[in-house]
Amino acid sequence: MTRDDACTDPVDARLAARLAELRAERGWSLGELAERSGVSRSTLSRAERAETSPTAAVLNRLCAVYGRTMSRLLGEVEGEPAPLVRAAEQSVWKDRTGGFTRRSVSPPHAGLRGELVEGRLAAGADIAYDRPPVPGLEQHVWLLEGTLEITAGDARHALAAGDCLRMRVWGPTRFRCSGPGTARYVLAVVLP
């Protein structure tokens, strides 16, 4: 993705600014953040300057360092959520590299611990998170279409349409869509 491509998306531009703010609030250099997150200094620099949109895996690592869920971080740049969120107003973020699309159906809101996300993984998409953004995060994954393989720690779960996986996330997770079509699911996230 070129700098012009990243900057044309206002969510990516606001995300870049928020990532830079979070690092500055803690007084960390790019090198310190790279050590804490395991993300290269150059990737962090490009993400903070909106030269590239970070992948879901990179955002997850940064969220873990900053003690936020991905939805909470993205909610901070998506604007104030209203009590009623119309379909046309729901923010969409895409990890173009990873084949992942995330729609914030019920974004984080002050005083609420839960949120709803619609996820879509393209056939062949395989997204691994090395840690939860918040240890003990409660997740409910309801598969609406396709097939989805979710690995949490050492446990592997194969989901078919209509199945729901409930879990608390303490370690690595992996979401894999082997196809042949897209996997579409609802993710309910509840802070501990």
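Analyst: The answers below concern a predicted model.

User: Why is Cys63 called buried?

Analyst: Buried means under 20% relative accessible area. Cys63 has 1%. Therefore Cys63 counts as buried.

User: How many disulfides are found in the whole structure?

Analyst: The search finds zero.

User: Why is helix H5 called mostly covered?

Analyst: H5 spans residues 56-66, and eight of its eleven residues are buried. Among them are Ala56, Val58, Leu59 and Cys63. After H5 comes Gly67, with a positive phi near 70 degrees.

User: How do you know what span is expected for helix H2?

Analyst: The expected span is 1.5 Å times one less than the number of residues. H2, residues 10-26, has 17 residues, and 24 Å is expected. Its first and last C-alpha are 25 Å apart, close to that value.

User: Which residues of H2 are buried, and what puts them on the same side?

Analyst: They are Val11, Asp12, Leu15, Ala16, Arg18, Leu19, Leu22 and Arg23. These residues cover an arc of only 170 degrees around the axis, so they lie on the same side of H2. On the other side, Ala24 and Glu25 are exposed.

User: What follows H2?

Analyst: Gly27 does, and its phi is positive, near 75 degrees.

Methods
Residues are numbered from 1 along each chain as its sequence is written. This is a predicted model: local features need pLDDT of at least 70, side-chain atom pairs count only at pLDDT 80 or more; totals for chains, interfaces and linings use all residues. Side-chain values use heavy atoms; hydrogens and water are left out. Helices (H or I, at least four residues) and strands (E, at least two) are DSSP runs, numbered from the N terminus. Buried means under 20% relative accessible area, exposed over 50%, partly exposed in between (1.4 Å probe, protein chains only). The arc is that of the directions from the helix axis to the C-beta atoms. A disulfide is a pair of cysteine sulfur atoms within 2.5 Å.
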